[in-house]
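Dear colleague,

I am passing on the structure that we spoke about, and I would be grateful if you could look through it with the notes below beside you.

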Amino acid sequence: MTSPNLLERGSEWRQWDLHVHTPASFHWKGARFDADPNSAHNRGLVDEMIAALNATRPAVFALMDYWTFDGWFALQRRLKEDGAPKLSKTVFPGIELRLMAPMNTPGKRLNAHVVFSDQTSDQILHDFKSMLRIAETGNALSNAALVELARTTSEDNLNQKGFKKTDMADEAKALHAGCSLAELTAESYKAAIAHIKDGLAIGFMPFDTSDGLKEVKWQEHYAFFISLFKSSPIFESRNLELRDCLINEQTEKNKAFLKKFQERLGNVPRLVVSGSDAHCFVGVKDDNDKRGYGDFPSGKVTWIKADPTFLGLQQAIMEPAKRSFIGDRPPKQAEIEANKTYFIDRVEITKHVAGAPGVWLDGTAVLFNSDLVAIIGNKGSGKSALADVVALLGNSRQKLHFSFLKKDRFRGKTGEPAKNFTGKLTWTDGTSESRPLSEDPAADKVEMVRYIPQGHFEDLCNAHVSGSSNAFEQELRSVIFSHTSDQIRLGAHNFDQLIEQQETGFRIQLNDFRKDLRLINAEIAVIEERLQPDVKSSVQELLGAKNHQIAEHKKIRPTAGPKPPDAMTPDQQAATTRLEEITVGLKAIEASATNDIAISLALAGRLRAVQNVRERLKVLSRVDVYDLLFGLSFLEPRYSLQFQETKIEQLSPGQRGALLLIFYLLVDKGRNPIILDQPEENLDNETVYNLLVPVLTKAKKFRQIIMVTHNPNLAVVCDAEQLIWSTFDRKGGSKISYLSGAIENPVINGHVVDVLEGTMPAFNNRSNKYHPKSA
């Protein structure tokens with residue numbers, strides 16, 4: 001089942017050229033329309049224009065002829081005629097104007113554009129022009145008013161623009177001159193746009209392109225400048241740094257002033273585009289002066305991720321940072337092109353047993369967007385059925401937590417209907433996987449999707465309450481390990497091995513340090529024992545006795561005799577040698593005696609300490625105490641995770657759910673598609689908005705996410721590129737149907753309001769009761 005405009009995949013990146021001209025524009029480079037709208041000449045030019053539009057890459061164009069909608073009217077007339085060529089692109093009517101403005105360069109006029117919905121009636125376009133006022137005359141804008149302007153302009157002013165007063169009698173030349181001379185009042189320009197209801201007219205102002213707003217003397221005329229700034233949801237620029245500021249995307253270069261810049265815009269980001277400004281159908285390659293349709297200057301291609309409709313343009317204006325890109329191609333497109341095996345293209349389900357009861361999923365064919373897909377629907381409508389089927393065909397290991405493809409439901413009802421259906425999953429590279437919905441994938445099949453069903457998610461978040469499982473931490477460890485590089489893994493096969501390897505080195509170092517500290521502690525203990533009062537007193541007594549002995553020895557020392565002659569007799573030499581040997585021996589005996597005295601003193605101290613139990617314990621346990629205090633025995637390498645300054649074992653189920661989703665979506669660097677089944681179940685709305693929405697927004701930039709949800713903060717605020725609306729018709733053969741498209745698709749949008757908000761009146765009722773927070 002497809003949406004009315006067949007754009008099942010929802011919002012996709014497409015090239016948009018919102019600034020092209022037609023043969024009705026007075027600066028057109030080529031054959032122009034003649035005065036007869038129905039002439040064969042005009043019809044041929046329109047056919048040539050249609051062919052040029054169809055042949056180029058952009059999916060959407062806006063006709064921006066100076067002062068007129070005649071090119072748009074000619075295209076519409078031709079398309080209604082029998083035998084007209086088919087136009088395969090979307091084209092919006094538009095108009096390029098010039099405003100009277102205080103410009104930096106003399107003779108410059110400020111260019112301004114307006115783009116309209118392709119559903120705008122001709123009468124509304126005529127009425128719009130009639131509201132514009134020519135500054136010089138005050139007349140409403142029309143061909144006749146432009147001719148009158150030219151004929152009433154002085155000869156000097158005409159000559160400055162390259163025209164002659166004598167030529168103004170010719171109406172065609174006067175019209176051309178009037179188009180060159182005319183300037184509109186900015187007030188009438190803004191009023192005319194505001195007059196068009198339902199946002200069907202959008203101000204589109206060049207900024208730093210030809211005759212743009214940048215040329216206005218804004219410091220001297222700030223009110224004039226800012227009023228035009230605020231009335232223009234779209235700006236044309238090819239300066240990517242300026243684009244970042246206008247769309248409110250912070251970079252290193254603009255982070256110092258971006259906030260103030262956006263405050264001046266009323267904190268409303270602007271969509272920035274780069275048009276070809278083509279003045280001919282087919283251009284000359286690499287010649288910026290001869291650009292044709294879709295020839296973007298300097299490779300500044302405009303990409304918009306939206307349906308190729310005016311509603312798609314309005315959606316891009318609301319989300320310019322997410323929905324627009326200027327350059328060769330968006331990064332996500334390059335990611336998909338280089339990794340086609342990681343993006344699901346479609347899923348198809350058929351009933352292979354024709355006579356089996358029930359329609360169920362027969363005929364299901366869903367094309368998937370490569371970004372964020374949100375499956376919505378009322379309870380029991382088949383949302384999880386689609387998620388289960390995709391997970392099954394993607395060889396998920398979560399079969400025990402399937403909610404639809406399980407024994408007591410689709411695989412176990414009367415007749416076991418699952419065995420009558422075959423599913424086929426096709427990837428972007430063209431490969432596919434098929435199997436009956438009653439069969440599980442073989443154990444040796446590679447898991448191609450990461451499925452996080454609601455049952456598995458709740459088990460992980462709630463098992464810690466009873467303390468019966470550490471599955472939550474094991475799951476986090478698994479994701480962390482998948483994130484690490486080969487250099488960090490050190491050959492480990494899982495997280496536990498990696499941690500063990502990392503901790504082993506620290507343990508070896510700690511043991512070495514502990515051995516060294518034990519020796520030091522023993523030395524300190526011996527020294528301290530020698531400083532005990534009783535030991536110190538004993539040593540002092542012994543020292544006093546020795547000093548007394550020395551004094552007495554000195555009293556009986558004989559008087560020194562004369563120094564013997566230097567030359568010694570052989571007997572004297574032998575005696576001297578013998579005395580030296582005796583001296584060395586005495587020194588050795590003295591050293592040994594000193595050591596024996598120290599040991600004796602230590603033993604005496606210990607012996608005396610034994611007499612007092614408390615003192616004995618102090619002495620005997622001193623080394624052990626120091627080992628306890630300074631031996632690092634209390635240090636052990638340990639791995640721990642915290643979330644918002646709380647250990648994971650202390651987290652609530654909601655906090656665990658939030659942390660788990662962050663790990664799945666951001667920490668896990670795998671590229672396989674992620675399928676989430678109602679991830680918001682354990683989360684409050686504030687957490688969903690402040691934490692989960694930014695995480696999903698970032699994760700979808702590099703992988704495909706398919707999410708079953710009934711929370712508007714996820715489906716709408718995350719700006720899901722594709723919404724799949726699920727319905728279950730029990731009376732109609734138990735038929736499950738899926739309708740898919742972009743949120744900007746009117747049909748899909750209506751279902752979003754009904755399913756997510758409980759009908760529009762209920763939504764409006766809620767909206768009226770909400771009050772903005774005080775500044």
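Predicted model: local features only at pLDDT ≥ 70, side-chain atom pairs only at ≥ 80, totals over all residues.

Residues are numbered from 1 along each chain as its sequence is written, and side-chain values use heavy atoms, with hydrogens and water left out.

The chain holds 26 helices and 21 strands, where helices (H or I, at least four residues) and strands (E, at least two) are DSSP runs numbered from the N terminus. Of its 775 residues, 44% count as buried, meaning under 20% relative accessible area with a 1.4 Å probe and protein chains only. Among contacts (heavy atoms within 4.5 Å) between residues at least 6 apart in sequence, 70% join residues at least 24 apart.

Strand S12 (residues 372–377) is largely enclosed by the rest of the structure, because 6 of its 6 residues are buried. In a regular strand the side chains alternate between the two faces of the sheet. In S12, Leu372, Ala374 and Ile376 point one way and Val373, Ile375 and Gly377 the other way, and all are buried. Two strands pair if DSSP finds at least two bridges between them; S12 pairs in the parallel sense with strand S19 (residues 705–708) over 4 bridges, and 5 bridges join S12, again in parallel, to strand S20 (residues 722–729). Ile375 has Val708 as its bridge partner in S19, whereas Gly377 has Ser726 as its bridge partner in S20.

Leu97 lies in strand S3 and is buried, with a relative accessible area of 0%. Leaving aside neighbours within four places in sequence, Leu97 is in contact with Trp67, Leu110, Asn111, Ala112, Leu132, Leu141, Leu184 and Tyr189. The C-alpha atoms of Leu97 and Thr68, which are 29 residues apart along the chain, are separated by 9.0 Å.

For the aromatic residues, rings of Phe, Tyr and Trp (its six-membered ring) pair if their centres lie within 6.5 Å, with planes under 30 degrees apart counted as stacked, over 60 as edge-to-face and the rest as tilted. By this rule the count comes to 20 aromatic pairs. One of them is the tilted pair of Trp16 and Phe92, at 6.3 Å centre to centre and with 50° between the planes. Trp16 lies in strand S1 (residues 13–20) and Phe92 in strand S3 (residues 90–99), so this pair ties together parts that are 76 residues apart in sequence. Both Trp16 and Phe92 are buried. The rings of Phe404 and Phe410 form a stacked pair, because their centres are 4.6 Å apart and their planes are at 20°. Phe404 is buried at a relative accessible area of 7%, and Phe410 is buried at 1%. Phe207, Trp218, Tyr222, Phe225, Phe229 and Phe235 form one aromatic cluster.

Lastly, a cavity is a set of points, on a 1 Å grid over the protein atoms alone, where a 1.4 Å probe fits but cannot get out, and its lining residues have an atom within 4 Å of a point. The count comes to 2 cavities of 30 Å³ or more, and the largest cavity has a volume of about 70 Å³, taken as the space filled by probe spheres set on the points, which are joined across faces, edges and corners. Helix H1 (40–55) and helix H2 (70–79) are the elements that give two or more residues to the lining of the largest cavity; the lining includes Asn42, Arg43, Ala74 and Arg77.

With best wishes

Note on methods. Buried < 20%, exposed > 50% of the residue type's maximum accessible area, 1.4 Å probe, protein only. 1 Å grid on protein atoms, 1.4 Å probe; cavity = no way out; pocket = protein on both sides within 12 Å on 5 of 7 lines; lining within 4 Å.
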